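Please read them with the model open.

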Amino acid sequence: MAPDLLRALIDRAAATIAAHAEELTELDQAIGDGDHGLNMKRGFDAIAQNADEICALPFGQALQKAGMTLVMTVGGASGPLYGSLLMGLGKAAAKAPETVEELVAIVAEGVAMVQKRGKSEAGEKTMLDVLIPVLEAIRTADGDIAAAARAAADAGLAATRDMRATKGRASFLGERSIGHLDPGARSSALLVHAVCDAVENGSGGEA
Ligand code: ADP
Ligand code: MG
């Protein structure tokens, strides 16, 4: 199960980032420096290239290796931040989660690592405005966890539009950051959907 799940996670994540790289770049052109699409594509392409090696590892170590790959290949702020996310997930996951409690503990550690690395919290117009609501949605989901996670990701992303950025490059714009979606929140929402699709459908089927 774990190698197939890992393969599906990598395939889906790399594919959605590649398909949306231009959109991520455009969002970052509006409130940042316009490199988010390229940064994310470079990082997830590198993970995809190392997929055989990554998938041969136990689940947690595989996530940590994917995280280190991001740190090593992505120059922007998002590399260390997503790297921290994956390394936190991997550190907390001895094996692929089998219960909601296990999943919550793993995701909580990943999100905590991003917060620690970014010295950031909810409401600052960053990827955390997707990741924190998704964690909360998984924790409180009643029934379909993937549906709850997707909905929380979409709502969290939409909420970044009216926020004023107080972290990252967008914070340099102050009030002028208001009115735009945050690029990192968009990439996080894409990745949440990719993870849900991989868990539900593996590498193939409808995204
Ligand atoms: P850079 O800002 O170095 O150009 P990217 O464009 O790849 O890097 O990534 C920008 C995204 O990183 C932002 O849209 C935001 O979501 C996220 N980000 C930046 N700083 C922080 C932080 N301190 N905490 C959480 N997320 C952050
Ligand atoms: Mg940027």
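1. Polar contacts of the ligand. An oxygen atom of ligand 1 is 3.0 Å from an N or O atom in the side chain of Asp 35. A polar side-chain atom of Asp 33 lies 2.9 Å from an oxygen atom of ligand 1. On the backbone side, a polar atom of Gly 118 is 2.9 Å from a nitrogen atom of ligand 1. A polar contact is a pair of N or O atoms within 3.5 Å; within protein, one must be able to donate a hydrogen and the other to accept it, and residues adjacent in sequence count only if both atoms are side-chain atoms.

2. Cover. Of the 570 Å² of accessible area that ligand 1 has on its own, the protein covers 92%. Accessible areas come from the Shrake-Rupley method with a 1.4 Å probe, and for residues only the protein chains shown count as cover.

3. Basis of the values. This is a predicted model, in which local features need pLDDT of at least 70 and side-chain atom pairs count only at pLDDT 80 or more, while totals for chains, interfaces and linings use all residues. Residues are numbered from 1 along each chain as its sequence is written, chains are lettered from A and ligands numbered from 1 in the order in which they are written, and side-chain values use heavy atoms, with hydrogens and water left out.

4. The shell. Ligand 1 is surrounded by 20 residues, and the closest are Asn 39, Ala 77, Ser 78, Ser 120 and Asp 182; a residue counts if one of its heavy atoms lies within 4 Å. The largest share of this shell, 3 residues, comes from α10. Helices are DSSP runs (H or I, at least four residues), numbered from the N terminus.

5. Two lysines in one loop. Lys 119 lies in the loop between α7 (100-118) and α8 (128-140), and Lys 125 is also placed in the loop between α7 and α8. Lys 119 has a positive phi of about 50 degrees although it is not a glycine; for Lys 125, phi is positive too, near 65 degrees. Are these lysines buried or exposed? Lys 119 is exposed, with a relative accessible area of 66%, whereas Lys 125 is buried at 1%. Buried means under 20% relative accessible area, exposed over 50%, and partly exposed in between (1.4 Å probe, protein chains only).

6. A buried serine. Ser 177 is found in the loop between α9 (145-159) and α10. Ser 177 counts as buried because its relative accessibility is 0%. Its side chain reaches the backbone oxygen of Gly 174 at 2.7 Å.
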